[in-house]
Amino acid sequence: MSNKLNHSMSLATPDALNITTKQKIALGLGLIGLFILTLALFNTSFPNKGLFLTFALGLIVIGTIFYSREAYLNKLEGIKNDGVWFKSISSRGFWGWSVGIILTAFYIVLYFYPQYLGLGKDGVANTGLISLFDPLSQLLSGRNASQWFVYGTLYTIAILAFGYKFILKYRHNRYQQIRTVSVMFFQLGFAFLIPEFMYIMNNDLPYYDLKSIWPLNYYIFDEWSVKAFLSNGNTGLALILFGVLSIFVITPILTYKYGKRWYCSWVCGCGGLAETAGDSFRHLSSKKLSAWKLERWLIHLVLVFSVVMTTAMIYTYLGYKSNDFWLTRGVFISLVIGFLTIIFAGVMIFKRNELGKDAKYGAIGFFLVITLLLIMHFTGTTDQLFYIKSGNLRSAYGIYIGSIFSGVIGTGFYPILGSRAWCRFGCPMAAVLGFQQRLFSKFRITTNGGQCISCGNCSNSCEMGIDVRHYAQKGENIVRSSCVGCGICAAVCPRGVLKLENDSMKGRINPNEILLGNDVDLRKLVNEN
Amino acid sequence: MEHVVIIGNGISGVTLARHIRKLSDKKITIISAEAEYFFSRTALMYVYMGHMKFEHTQPYEDWFWDKNRIDLKQGFVEFIDTNSKVLHFSHGETLNYDKLVIATGSKPNKFGWPGQDLEGVMGMYHKQDLENLEKFAPNNKECKRAVIVGGGLIGIELAEMLNSRRIPVTFLVRESSFWNGVLPEGESGIINRHIRNHHIDLRLSTNLKEIKSDENGKVISVIIEETGEEIECDVVGLTAGVSPNIDFIKDSEIETGRGVKVNRYLETNIPNVYAIGDCAEQHEAIGNRRPIEAVWYTGRMMGEVLAQTICGNRIKYNPGHWFNSAKFLDIEYQTYGWVHGKKGRPENEAHFHWKHEDDTKCITVAYDKNTNKFLGINTFGIRMRHETFDTWLTEKRDVDYVINHLAEANFDPEFYSRFEKQIIQSYNNQLQTA
């Protein structure tokens with residue numbers, strides 16, 4: 001921001017609420033792009049698919065870029081939230097609901113009825129929307145497109161185009177810019193391009209987005225996946241080892257140093273979409289205490305579900321005898337129970353003071369999992385666990401959590417529940433990271449002494465529904481499992497109260513009754529009792 | 001059970017109530033005529049700008065008050081009978097109290113301008129002012145121009161609000177430069193230019209003569225004192241400061257001056273009657289502070305202190321080092337310790353001023369030119385750590401130390417450009433030439 005530069009030649013005030021003529025044109029371009037995709041969806045057969053696909057995607061990207069430049073570049077740098085609660089799209093108005101319903105419908109079709117998108121099954125050629133993407137897929141990996149390729153392409157384009165918009169919106173804020181470049185990079189490279197190139201190099205390898213970590217990537221340890229990796233020699237072995245290291249070694253180290261944000265708002269694809277395309281909806285998350293209570297139950301239940309499900313899956317395809325492979329059912333189940341017990345004991349011994357009554361729930365949760373696993377072990381036969389078919393557990397997880405929760409609700413409901421409903425209420429990876437962030441991480445949002453004026457901008461803009469103000473107005477640092485470290489609360493604070501920091505563990509959680517600035521003796525008297 | 005009644009549900013009264021609840025089991029009632037629930041007054045602007053909805057300005061959910069057994073009563077107290085300890089409401093009701101706390105805050109100043117009570121003329125302080133503004137300035141069709149009178153913190157906020165709806169603003173400021181009664185010249189100059197860069201028609205050294213009305217008693221224009229120029233407008237914002245909101249006390253036996261007179265224990269002349277926040281006036285100023293401090297933070301601090309006294313641990317209001325903050329459109333401002341503008345600057349106070357070349361960031365460090373003791377800092381566009389400056393002020397550091405350790409106090413987000421080197425260089429250069 002500079003007082004010397006003034007790009008606007010406008011005679012009227014530059015801080016526009018309504019969109020300008022140029023923005024209308026940009027919007028038109030983007031909509032034409034979407035229209036081409038819609039025509040393809042309704043089975044219009046374009047003569048030159050490659051050309052029309054380029055047109056469609058190009059128009060969407062160019063439209064978004066022009067729109068954003070017009071929206072932000074002729075204003076002074078600063079917080080650009082004027083009218084977000086007035087606009088229909090970002091305040092659950094007509095356009096908000098419309099977009100929500102269209103997105104939800106798209107997800108339902110994508111997950112459950114891909115044939116309507118034109119997916120050709122059993123060697124039949126693609127039609128409709130999916131066939132429009134065949135040329136791009138051929139170009140990248142020499143095969144025809146699938147519904148996932150279409151989805152991946154649109155997803156990546158959304159992150160790139162809206163990422164650009166986000167960077168312009170926060171062009172005074174380098175934290176936001178670098179973070180956004182990071183999610184754009186990881187989406188384009190790790191989620192989109194690298195898996196396609198890996199396919200070219202070795203088409204037996206399963207699709208593997210290296211940054212998608214178990215338990216978010218719930219199918220990586222499925223039998224077909226593990227077998228496919230293992231049948232591909234050292235590369236496959238290295239990849240599956242990387243998958244194991246990601247969650248058990250890399251994740252704890254990075255989370256200790258930087259908090260959960262290294263993943264959720266710098267690397268993750270779900271987070272990437274929420275931060276870019278979902279940015280206009282971030283303020284819609286519920287800040288009620290009741291929502292927080294629901295969140296804590298729900299996300300940890302999903303984690304329990306996912307741990308039990310994965311353990312059960314792996315268990316079923318392991319053998320009994322150590323002759324074939326050292327990792328037998330007995331060894332495996334002992335390892336899992338041992339690991340969970342160590343975590344539980346560690347937390348209870350070193351961190352029980354920080355947990356309060358939540359510890360009881362945590363303890364119950366851990367014992368529940370361990371008991372379930374033991375029951376599983378003793379009731380397990382070749383194809384049955386807990387006396388039910390093992391595959392049922394896995395497919396239930398895939399449908400209810402993997403598809404409906406994370407996709408249909410998580411993204412389809414952006415304009416209704418805010419951009420991080422999945423990350424907040426459902427993501428088991430977020431639960432793991434959050435558990436560590438709350439108990440064993442250097443990360444916190446520091447509150448600046450007594451400067452808070454309780455205005456509520458921070459809480460309003462928190463996509464995870466954290467009532468940031470609740471802490472800030474008490475002069476207390478924010479140390480919350482759910483915080484993804486996006487840094488928007490700190491950006492919108494008008495008084496410079498919040499700062500994301502990695503500092504020492506000591507004094508990280510510092511509840512205050514009397515804030516800095518008042519009588520030192522009074523502060524001593526009240527705060528130290 | 002002792003009944004503590006607090007008139008006013010702003011930050012002072014609510015902080016007091018929360019702390020009494022923490023310390024005791026007393027019956028607590030908060031009275032307000034303005035709003036059902038406590039809200040952050042400083043956030044009203046964001047409601048008009050569409051950043052938030054009104055409910056988001058309320059720091060506590062509605063169940064909070066029941067859960068903490070804090071009774072909320074809506075009504076306007078008309079008369080306080082301190083002899084029989086009874087409050088009389090405008091609608092005829094009464095309420096008994098054992099201890100009474102007056103925390104009624106401020107009201108916008110009006111200096112007797114002709115036309116100051118016309119329709120479309122408003123302050124920007126109460127929730128009702130916001131509703132009024134929404135009525136008279138919903139967009140730039142209904143309100144073709146607004147004139148703001150008074151160049152202080154509320155004035156510039158009102159300008160920002162109107163600007164967000166593309167309503168042209170003429171901003172009349174009596175002083176020769178924005179807020180230069182408080183800000184040193186360099187800083188005030190940055191804000192002047194920043195205001196104009198937002199296409200706000202800033203008129204310095206300009207006074208309001210009168211406000212003219214149309215045939216329906218609604219504002220139609222203002223006349224400038226100095227030039228006689230007439231400026232057509234649909235809204236006039238009066239933001240020439242605030243004063244204690246205590247008219248309803250004038251008939252009681254409670255001693256008032258400009259505000260409710262209190263001693264260091266925040267007690268009035270009547271036993272068991274106290275006053276805190278904007279409406280309280282100290283008999284004698286505390287240090288460099290003004291006898292009336294109409295600031296969010298001081299209201300909160302008084303609430304924190306008085307809770308102790310009311311719950312049996314009688315202690316003085318003894319605030320620590322001065323601090324404050326504000327945001328001027330896109331430029332954040334923080335201050336720690338004392339930095340004076342031209343007006344009222346003590347003879348021994350010298351300044352070191354550094355300004356970034358982009359004209360939106362600067363700091364001013366005040367120090368004692370005889371002893372080199374660090375007195376305070378103003379910072380624009382760079383966030384600083386409250387705790388660090390509070391410590392340095394307590395430790396009575398000298399200016400060299402502060403300048404050379406500025407990096408420790410930086411509170412900007414990660415990856416921001418840092419300016420400590422430039423500042424130190426500029427400091428050394430200035431000392432050499434001085």
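Start with chain A, which is divided into domain 1 (1-76 + 113-190), domain 2 (285-425) and domain 3 (440-527). The model on screen is a predicted one. Colour domain 1 and domain 3 of chain A: their C-alpha centres lie 37 Å apart.

**Chain B as a whole**

The secondary structure of chain B comprises 11 helices and 25 strands. Along its principal axes, the C-alpha trace of chain B spans about 70 × 60 × 40 Å. How does the radius of gyration of chain B compare with that of a compact globule? A compact globule with 434 residues would have a radius of gyration near 22 Å, and the 23 Å of chain B agrees with this. Of the 434 residues in chain B, 49% count as buried. Take the contacts in chain B with a separation of 6 or more: 62% of these are accounted for by residues 24 or more positions apart.

**The domains of chain B**

Now colour chain B by domain. The division is into domain 1 (3-107 + 243-310), domain 2 (121-240) and domain 3 (323-433). Select domain 2 and domain 3 of chain B; the centres of these two, taken over C-alpha atoms, are separated by 30 Å. Where they meet, 17 residues of domain 2 of chain B are in contact with 17 residues of domain 3 of chain B. On the domain 2 side, the elements that give two or more residues are H5 and H6 of chain B. H6(B) supplies the largest share of that side, with eight residues. By class, the domain 2 side has eight nonpolar, five polar and four charged residues.

**A sheet in chain B**

Next, select strands E9, E16, E10, E11 and E12 of chain B. These five strands form an open sheet in the order E9-E16-E10-E11-E12, with parallel pairing. Which strands stand at the edges? They are strand E9 (121-122) and strand E12 (201-203) of chain B; each has a single partner strand, so one side of each is left without a neighbour in the sheet.

Zoom in on strand E10 (residues 146-149) and strand E16 (residues 235-238) of chain B. The two run parallel and are joined by four bridges. Pick out Ile148(B), which stands opposite Gly237(B) in E16(B).

**Where the chains meet**

Show both chains again. How many residues does each chain bring to the contact? Chain B brings 53 residues and chain A brings 52 residues. On the side of chain B that touches chain A, the elements giving two or more residues are helix H5 (153-164), helix H6 (185-197), helix H7 (296-310), strand E21 (323-328), strand E22 (331-337) and helix H8 (386-394) of chain B. H7(B) gives the most to this side, with six residues. The residues on this side of chain B divide into 18 nonpolar, 19 polar and 16 charged.

**One residue: Gln308(B)**

For the last stop, select Gln308(B), which lies in helix H7 of chain B. Is Gln308(B) buried or exposed? Gln308(B) has 21 other C-beta atoms within 10 Å; 20 or more count as buried, so Gln308(B) is buried.

Leaving aside neighbours within four places in sequence, Gln308(B) is in contact with Leu522(A), Asn313(B) and Ile315(B). Leu23(B) and Gln308(B) are 285 residues apart along the chain, and their C-alpha atoms are separated by 7.8 Å.

Note on methods:
Residues are numbered from 1 along each chain as its sequence is written. Chains are lettered from A and ligands numbered from 1 in the order in which they are written. This is a predicted model: local features need pLDDT of at least 70, side-chain atom pairs count only at pLDDT 80 or more; totals for chains, interfaces and linings use all residues. Two residues are in contact if their C-beta atoms, placed from the backbone, lie within 7 Å. Ala, Val, Leu, Ile, Met, Phe, Trp, Tyr, Cys and Pro count as nonpolar, Asp, Glu, Lys and Arg as charged, and the others, Gly among them, as polar. A residue is buried if 20 or more other C-beta atoms lie within 10 Å of its own, exposed if 12 or fewer, and partly exposed in between; C-beta atoms are placed from the backbone. Domain bounds come from an automatic or database domain assignment. Two strands pair if DSSP finds at least two bridges between them. The radius of gyration is taken over C-alpha atoms; the globule rule is 2.2 Å times the number of residues to the power 0.38.
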